[in-house]
Each structure stands twice: as C-alpha cells, then as structure tokens.
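Trainee: Before I use any of the labels for this structure, I would like to hear what stands behind them. Please take me through them one at a time.

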Amino acid sequence: MEKNTHTPRPLHLAQTEPLLRERLKATVVLTVTGGSMLPLLAGGRDRVTLGPVPERLRRGEVLLYRRADGSYVLHRLTGFGQDGTLVFCGDRQTEPERGIRPEQVIARAVAFERKGHFFTRRAPGYRVYCALWPRLRWCRQAIFHLRAVLPGNGRKGQK
C-alpha cells in the first residue's frame, strides 16, 4: 500500500463556497478566525468541519453564512424573523444579527476540534453547552469579565 504524501493545500473560503452550495456529501475543514464564537471556538486554535446545509434549519445550529458585504461568518442560529429571515448570534456576542436570508447560508458545522479534541454536534457535552449557553446571552459580558480577572486562567488576573 502506498503512503499518502498529499499535503492539503490551503484554500480561500470563497474557493470552497461553490462546493458547499452544491450540497455534496463532502465536508470542508476550516481553522476558525476571530473570537465571536468563544468560549466554544477560539480563532487560530480551533477548527470546524462544515457540511451541507440541511433542508430544515434548526435553532441552535452553527452555520456559515455570507453577509451582503461579502464577509463570511460562522455563528449560531438563534431565531427566525417573521419575514422569513434568520437571526444569528456569536457565542461571545450579546446582540443578535437579524435579516440574514436563508440563501445566504452556505454550510452547517457538523464537527469541531477544540484544543485538539474532536467532537461532533451530537456529543453529549456539546448538547448540554447548546442547551445552556444561548440562555445566558444577557450575562455573557459579565462572565467573560470574570474569566479575565480571576486568577489561574492564564490571563491578566494570574500571579
């Protein structure tokens, strides 16, 4: 048997968008950038596996969409507008983003790699996180402030 020596070539997200939109069964693995999905995903450290968008979108799913300005965003679906649009919010954010049309959604997160540990969206710990974290949107800023100032977390409060 021949050893696979192929090294994946980095692609710009725009290059993968047509493949994802074709609803292929293939997946795409991307390194997360930015901090809007903390504490679940940290930019530059964690990765997400993207798959096709399901026929029916469900509240709580992490989806990749493209804003009208062309930027790509990976956020959690938090609701549905009366006009048929979608409402998203990053896990670190407190203000939802409204007015995203369903056709702007490109892919769904089907698995995650966080701090080197791989898990799917069906993992029990992830399901508990998804049940609790969105309900804490009103106090997220306080939670992140406490994490930053408490000792022992590797940040500015540590001695």
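Mentor: Start with a pair of side chains: Glu61 and Arg108 are both buried. Keep in mind that this is a predicted model.

Trainee: What makes Glu61 and Arg108 a salt bridge?

Mentor: The rule asks for a side-chain nitrogen of Lys or Arg within 4 Å of a carboxyl oxygen of Asp or Glu. The closest N and O atoms of Glu61 and Arg108 are 2.8 Å apart, so the pair meets the rule. Glu61 lies in the loop between β2 and β3 (62-66) and Arg108 in strand β7, so the pair ties together parts that are 47 residues apart in sequence.

Trainee: How many salt bridges are there by this rule?

Mentor: The count comes to six. One of them joins Glu97 and Arg67, with the closest N and O atoms 2.9 Å apart. That pair also links distant parts of the chain, with Glu97 in strand β6 (residues 97-100), Arg67 in the loop between β3 and β4 (72-80), and 30 residues from one to the other.

Trainee: Why is Arg67 called partly exposed?

Mentor: The label covers values between 20% and 50% relative accessible area. Arg67 has 30%, so it counts as partly exposed.

Trainee: What is the N to O distance between Arg47 and Glu113?

Mentor: The distance is 3.3 Å, and the two side chains meet in a salt bridge. Here Arg47 is in strand β2 (residues 47-51) and Glu113 in strand β7 (residues 105-114), 66 residues apart. Arg47 has 36% relative accessibility and is therefore partly exposed.

Trainee: Why is Thr49 called buried?

Mentor: Buried means under 20%. Thr49 has 13% relative accessibility, so it counts as buried. Thr49 lies in strand β2. Among the residues it touches, beyond those up to four places away in sequence, are Thr27, Val28, Arg108, Val110 and Phe118.

Trainee: What makes His117 exposed?

Mentor: Exposed means over 50%. His117 has a relative accessible area of 56%, so the label applies. His117 belongs to strand β8 (residues 117-120). From His117 to Arg47 there are 70 residues in sequence and 9.9 Å in space, C-alpha to C-alpha.

Trainee: How much of the protein counts as buried?

Mentor: Of its 159 residues, 37% do. The protein exposes about 10,400 Å², and carbon and sulfur atoms supply 54% of that area.

Trainee: Which elements does the protein have, and in what order do they run?

Mentor: There are three helices and eight strands. From the N terminus on, the order is α-β-β-β-β-β-β-β-β-α-α.

Trainee: Which residues lie nearest the centre of the largest pocket?

Mentor: They are Arg59, Gly60, Glu61, Arg76 and Cys130, out of 22 residues in the lining. About 500 Å³ of space lies in this pocket. At least two lining residues come from each of β4, β7 and α2 (124-132), and α2 gives the most, with four.

Trainee: How does the lining of the largest pocket divide by residue type?

Mentor: The lining has nine nonpolar, two polar and 11 charged residues.

Trainee: What kind of peptide bond joins Leu38 and Pro39?

Mentor: The bond is cis, with omega about 5°. Pro39 is found in the loop between β1 (28-31) and β2.

Technical notes: Residues numbered from 1 in each chain as written. Predicted model: local features only at pLDDT ≥ 70, side-chain atom pairs only at ≥ 80, totals over all residues. Heavy atoms only, no water. Buried < 20%, exposed > 50% of the residue type's maximum accessible area, 1.4 Å probe, protein only. 1 Å grid on protein atoms, 1.4 Å probe; cavity = no way out; pocket = protein on both sides within 12 Å on 5 of 7 lines; lining within 4 Å. Points joined across faces, edges and corners; volume = space filled by probe spheres on them. Nonpolar A, V, L, I, M, F, W, Y, C, P; charged D, E, K, R; others polar. Contact = heavy atoms within 4.5 Å. Areas by Shrake-Rupley, 256 points an atom, 1.4 Å probe, with all protein chains shown as cover.
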